[in-house]
Amino acid sequence: MLALVGLTVVFIYPFVWLVSASFKPRGEVFDNRLIPETFTFQNYLDVWADAPMLLWFGNTLLVTVLAAVTVTLSSALVAWGFAYFRFRGRDALFGLVLATMMLPGAVTMVPVFLIWNSLGMVNTLTPLWAGNLFGSAFYIFLLRQFFLGLPRETFEAAKIDGANNWTLFTRIALPLTKPAMIVTLIFEFQAAWTDLMRPLIYLRDSDKFTIPRGLKALLDQFGFGGEWHWEIIVTASVITTIPMIVLFFLGQRHFVEGIATTGAKG
């Protein structure tokens, strides 16, 4: 119990420090006090004045929602195919899909950029989410395990009643794997919300920046850029972290259920 409390403090402390620093004036940001000696809300007013945070939020929300929804649906469709249908070479093909997880992202970074560049999509938001239309090997593996846990007799009975394969997938398989779908959605939402690499590669204009790319621009301007307004940086970081905390609490029950179960439903 004591170890659990200690680990909790270790994990929570950086965020508590970040929130505390966001309410401090410039000269007290790094005084390491969890309770600010001088309490001010001015940082939260300045950050909206110094950066187009609302525009960056809108770009990030658009990219994140599209990325999360498309990868969840596409991965579920592929996972359902591997779990339900029996065909020659299924296991070998599934193994090939899993093998793609062994490829470092740096290996495909250049060829993928060349593809998007040839399509004229550089400096647009499309490359940040459109690749998810083809699914993700990790999510396909995760959802396939849930689909395999569903009783096959349920689907056979539905087919006798006249249900086609699409009905089996949308009306039976997806509702029974709701926790797994929510886990996938939350995982990808977090990954897309915090993604910095792709925005750094594809985005050029500040009006197209996402939150992580915008924070990098703020860091360059107010941090290491010479102005040293770290209160702006920490305040912007707090603002961009809050949505993920809210999302986790909203989906916490389904998230824990999805992690703890194997997809079997009574």
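**A colleague's note on the predicted model**

1. Let's start with a serine: S20 is buried, its relative accessible area being 5% (buried means under 20%, exposed over 50% and partly exposed in between, with a 1.4 Å probe and protein chains only). S20 sits in helix α1; helices are DSSP runs of H or I with at least four residues, numbered from the N terminus. Leaving aside residues up to four places away in sequence, S20 touches R33, L34, I35 and P36, where contact means heavy atoms within 4.5 Å.

2. A word on how to read this. The model is predicted, so local features need pLDDT of at least 70 and side-chain atom pairs count only at pLDDT 80 or more, while totals for chains, interfaces and linings use all residues. Residues are numbered from 1 along each chain as its sequence is written, and side-chain values use heavy atoms, with hydrogens and water left out.

3. Back to α1 as a whole. With 20 residues, α1 reaches 28 Å from its first C-alpha to its last, close to the expected 28 Å (1.5 Å times one less than the number of residues).

4. Now the largest nonpolar core, which has 38 residues, with M53, W56 and L218 touching the most other members. Such a core is a set of buried Ala, Val, Leu, Ile, Met, Phe, Trp, Tyr and Cys residues joined through side-chain atoms within 4.5 Å. Elements giving two or more residues to it include α1, α2 (42–50) and α3 (53–84), and α12 supplies the largest share, eight residues.

5. Which residues does W56 touch, not counting those up to four places away in sequence? They are A51, S206, F209, T210, I211, G214, L215 and L218. A second, separate core holds 25 residues, among them A79, A137, L150 and M181.

6. Finally, the largest pocket has a volume of about 1000 Å³. A pocket is an open set of points on a 1 Å grid over the protein atoms alone, where a 1.4 Å probe fits, with protein on both sides within 12 Å along at least five of seven lines; lining residues have an atom within 4 Å of a point. Of the 30 lining residues, G105, T108, V112, N132 and R198 are the closest to its centre. Helix α5 gives the most to the lining, with seven residues.

Key
Grid points are joined across faces, edges and corners, and a volume is the space filled by probe spheres set on the points.
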